[in-house]
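Q: I'm new to this one. Can you put it up so we can go through it?
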Amino acid sequence: MLIAQISDLHVTAPDARRTTAYDNNARLAAAVAHLNALEPRPDLVLITGDLVNGPKPGEYEALTEILEPLAIPYRIVAGNHDDRDRLRRTFGAANWMPVDGDFIQYAVEEFPVRVLVLDSVVAGKAVGALCERRLAWTAERLAEQPGRPTIVALHHPPFDTGLAFLDTLRCIEGAEELGRLVRAHPNVLAVLCGHTHRQTAVSWNGTYGYVAPSVAYQVALDLTPEPPYRWTEEPSAVALHLVRPDVGLITHLSPVGDYPAKAFS
Ligand SMILES: [Fe+2]
Ligand SMILES: [Fe+2]
């Protein structure tokens with residue numbers, strides 16, 4: 001199975017002020033065209049949160065319009081820039097979106113690999129958390145199918161990335177408990193996240209932790225203890241996870257842009 005992961009789209013309303021040099025909506029449209037052109041075509045696109053930049057009026061309408069040409073099934077994860085009610089309204093017609101409950105947590109069952117989508121959002125805050133109810137839901141789902149290859153997806157990484165400022169804004173409350181759950185379930189092949197706008201891979205509690213790059217803009221790489229928070233002109237990119245239940249995940253980065261393959265001279 002091939003899973004494409006995109007993250008941190010930060011779609012804006014048409015008249016919004018830009019926070020970088022980029023038009024986030026144009027970057028997402030380019031990513032959608034890129035995904036549609038991939039060969040082989042991914043089976044699933046996992047969008048790991050911060051679908052919009054606000055939330056502000058008009059953003060989810062713009063998001064729907066830009067995602068409309070995506071020819072691959074997709075599932076979304078809520079991020080700190082999202083609004084749960086607007087997410088429910090936007091994607092409520094899809095049979096996978098839970099329409100009630102306080103959190104947007106659901107299991108994706110219809111592919112060879114099961115995906116558990118968790119909601120690490122704390123309303124009004126950038127930092128993430130998993131409360132007892134969300135952890136209990138996760139434990140129940142994992143107990144249901146202990147032998148089935150499973151991916152856990154949540155917006156905020158529950159692990160450090162080495163990016164000091166962003167590590168203060170990761171999923172902190174509940175992260176250790178999630179780690180214990182993951183360690184107790186060796187069928188969890190990976191924990192896939194977004195939020196930091198910078199690709200990072202880590203080993204964590206016996207599994208593979210991965211943070212996808214942003215479609216909108218990348219945060220500058222700076223591993224010093226107190227780095228300034230800056231963006232960089234690195235291209236937006238799609239992560240491609242080749243899921244091999246016998247191995248785990250094999251991740252490749254596919255930058256969005258014109259990088260044609262050429263014969264060696
Ligand atoms: Fe983000
Ligand atoms: Fe975020």
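Q: Asn80, buried or exposed?
A: Asn80 counts as buried because its relative accessibility is 15%, where buried means under 20% relative accessible area, exposed over 50% and partly exposed in between (1.4 Å probe, protein chains only). This is a predicted model, where local features need pLDDT of at least 70, side-chain atom pairs count only at pLDDT 80 or more, and totals for chains, interfaces and linings use all residues. Residues are numbered from 1 along each chain as its sequence is written, chains are lettered from A and ligands numbered from 1 in the order in which they are written, and side-chain values use heavy atoms, with hydrogens and water left out.

Q: Where does Asn80 lie?
A: In the loop between strand E3 (74-76) and helix H3 (84-91). Helices (H or I, at least four residues) and strands (E, at least two) are DSSP runs, numbered from the N terminus.

Q: Which side chains does the side chain of Asn80 make a polar contact with?
A: That of His155, at 3.0 Å, and that of His195, at 3.1 Å. A polar contact is a pair of N or O atoms within 3.5 Å; within protein, one must be able to donate a hydrogen and the other to accept it, and residues adjacent in sequence count only if both atoms are side-chain atoms.

Q: Other topic: which residues of strand E10 are on the covered face?
A: Thr200, Val202 and Trp204. Ala201 and Ser203 are on the uncovered face.

Q: And what stands opposite Ser203?
A: Tyr208 in E11.

How values were computed:
Two strands pair if DSSP finds at least two bridges between them.
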